[in-house]
Amino acid sequence: MGILDWITNVNGSINGFVWGIPMLVLLIGTGIFMTILTKVFQVSHIGHWFKNTIGDIFTNKHVTKHTDKNDKSISQFQSLCTALAATIGTGNIVGVAAAIAIGGPGAIFWMWIVAFFGMMTNYSENILGIYFRRKNKNNEWSGGAMYYLQDGLGGYKGMKWVGKILAILFACFAVLASFGIGNASQINSIAANMDAAFGIPAWVVGLALLVIGGVIIVGGLKRVASVTEKIVPFMAIVYIIAAIVVICFNGANVGPAFVSIFKGAFGLKSAAGGMVGGGIVLALTYGMKRGVFSNEAGLGSSVMVHSNSNVIEPVRQGMWGIFEVFADTIIVCTLTALVVLTSGVIDLQTGQVAAAYAEASTSTLVGQAFGTLFGNAGPGFVAIALLFFAFSTVLGWSHYGTKSFEYLFGEKAAIGYKIVFVLFIFVGATMDLTLAWDISDTFNGLMAIPNLIGVLSLFPIVYKITKNYVDRKIRHKNVVPMISHFPDIQKMQEEALARGEE
């Protein structure tokens with residue numbers, strides 16, 4: 001048995017355990033629990049969180065305010081764009097196509113379920129990230145699952161070492177995952193699509209992205225954020241418009257597409273008498289796995305960039321977390337799914353790839369779907385969209401890996417991580433990384449375990465902070481705000497609130 005075969009077998013065993021029924025129950029269960037705990041905040045206060053996220057971009061200068069050179073934090077909008085940069089990538093294009101091709105159209109329904117409850121998981125993560133964050137020696141905010149595990153869970157009686165060990169495990173998993181989900185799998189998909197659409201060799205793509213990525217990533221978070229706040233909104237808007245055009249062109253198939261989604265989700269028989277897709281097990285498994293791969297709710301990853309925001313209120317950043325999942329899965333993934341399902345590349349009667357497109361890989365299937373309307377320009381458009389989306393994911397994940405490495409080895413060691421991460425871009429473009437996708441799935445699950453333990457164990461804090469915010473901001477009660485676990489930061493942020501900052 002070769003080394004790759006051995007790695008494949010070991011990873012398969014771990015993956016089967018990590019993504020078994022217990023993990024899916026833990027992921028969805030955490031989201032359901034936090035949804036109930038916050039009284040279905042994502043629905044009951046939908047107007048409030050829309051107004052205080054996307055609405056504030058146009059009315060509140062503090063949300064988009066760029067900090068001065070001495071302040072190492074980034075704006076709330078930059079934190080959202082960097083988080084979206086890390087989540088809107090191959091999962092929204094290749095991942096959706098793979099979920100449909102393997103799990104059938106019903107996988108999309110389970111993606112929605114993951115997203116709905118994942119909104120409140122992400123909300124809770126961000127609240128804890130802001131509440132337990134602190135400044136490092138470089139005067140940068142440092143926050144994330146490792147800190148609320150260490151100081152939150154570890155603050156309970158007799159749990160100091162449990163919190164610390166889980167924090168270290170989370171950071172290790174995040175560093176390793178950054179090379180898979182955050183680098184190799186993204187770059188590999190870019191290279192495959194650029195070769196298929198334009199005939200550009202993988203090594204050329206890899207070398208070009210290595211140089212560009214190096215300039216941005218080594219420059220630090222503020223440089224990464226300044227790039228992502230320009231790339232993400234532009235490409236998201238362009239992609240959404242193009243997807244809507246294709247869906248409208250194939251409008252007659254929209255109804256049947258939704259029927260196939262709901263039938264496939266529960267393994268119901270299609271009109272042709274066969275089973276839609278692979279039945280309920282495949283639909284549920286691939287829908288949930290790709291849903292988590294797409295929006296990362298429950299992994300604790302995006303908390304690391306949300307914690308660098310100049311925000312004062314933990315709940316405000318929590319609401320950005322809700323919007324992040326909404327934009328990623330409910331909007332972008334759904335539009336990709338409808339493009340694929342209405343264009344004819346999927347046979348809606350069987351839920352499988354249509355015979356005419358049987359030779360297309362999942363990484364090029366969305367390009368074929370756009371090509372049904374735009375011809376040869378379709379695969380080219382998707383290749384370019386994937387280039388921007390996936391490369392911005394690499395930028396976002398470079399920060400996650402850096403912060404995790406910093407937690408493990410200190411601020412000075414982070415530059416070494418960045419250099420290795422940048423060099424790995426070329427590796428990702430030029431090697432056959434089929435195994436990278438499977439390993440990425442495994443590390444996704446491994447990250448989620450300590451993170452969800454932290455979120456569930458700290459639910460009383462999430463509840464108290466949410467109630468405190470609702471009492472002050474919505475019910476207009478005069479109560480002291482809950483902002484930070486640390487008294488000195490609490491005092492500093494209270495003074496900022498008094499000045500009218502948020």
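This is a predicted model: local features need pLDDT of at least 70, side-chain atom pairs count only at pLDDT 80 or more; totals for chains, interfaces and linings use all residues.
**Overall make-up**

The protein has 22 helices and four strands. Of its 502 residues, 60% are buried. Take the contacts between residues at least 6 apart in sequence: 81% of them join residues at least 24 apart.

**Aromatic pairs**

Aromatic pairs number 26 in the structure. One of them joins F116 and F117. Their ring centres are 5.0 Å apart and their planes stand at 80°, so this pair is edge-to-face. The cut-off for that class is an angle over 60 degrees. F116 is partly exposed, at 30% relative accessibility. F117 is buried, at 18%; the limit for buried is under 20%.

Y417 and F421 make a tilted pair. Here the centres are 5.6 Å apart, with 35° between the planes. Both residues belong to helix 19, which covers residues 414-430. They sit four residues apart in that helix, so about one helical turn separates them. Y417 is buried at 3% relative accessibility. F421 is buried too, at 0%.

This pair is part of a wider group. Ring pairs connect Y417 and F421 with F179, F405, F409 and F424 in a cluster.

**Charges over a ring**

Which residues lie over the ring of W141? R133 places its charged end there, 3.9 Å from the ring centre. K135 also lies over the face of W141, at 4.7 Å from the ring centre.

F109 is in helix 8, residues 107-131. Is F109 buried or exposed? Its relative accessible area is 14%, so F109 is buried. Leaving out residues up to four places away in sequence, F109 touches I261, F262, A265 and F266.

**Helix 2 against helix 21**

Helix 2 spans residues 21-37, and helix 21 spans residues 459-474. Their axes come within 10 Å of each other. The crossing angle is roughly 35°, and the crossing is right-handed. Which residues meet at this contact? Helix 2 supplies F33, M34 and L37. Helix 21 supplies F459, V462 and Y463. By class, the contact has six nonpolar residues, no polar residues and no charged residues.

**Positive phi in two loops**

V40 and H476 are not glycine, and each has a positive phi. V40 is in the loop between helix 2 and helix 3. H476 is in the loop between helix 21 and helix 22. The table sets out the values.

| Residue | Phi | Relative accessibility | Class |
|---|---|---|---|
| V40 | near 55° | 33% | partly exposed |
| H476 | near 60° | 65% | exposed |

Why does H476 count as exposed? Its relative accessibility is 65%, and the class begins over 50%. V40, at 33%, therefore counts as partly exposed.

Technical notes: Residues are numbered from 1 along each chain as its sequence is written. Side-chain values use heavy atoms; hydrogens and water are left out. Rings of Phe, Tyr and Trp (its six-membered ring) pair if their centres lie within 6.5 Å; planes under 30 degrees apart count as stacked, over 60 as edge-to-face and the rest as tilted. Buried means under 20% relative accessible area, exposed over 50%, partly exposed in between (1.4 Å probe, protein chains only). A charge sits over a ring if NZ of Lys or CZ of Arg is within 6 Å of the ring centre and within 35 degrees of the ring normal. Contact means heavy atoms within 4.5 Å. Axes are lines fitted to C-alpha atoms, for helices over the stretch in contact, and angles run from 0 to 180 degrees between N-to-C directions. A crossing is left-handed if the near helix is turned anticlockwise from the far one by less than a right angle, and right-handed if clockwise. Ala, Val, Leu, Ile, Met, Phe, Trp, Tyr, Cys and Pro count as nonpolar, Asp, Glu, Lys and Arg as charged, and the others, Gly among them, as polar.
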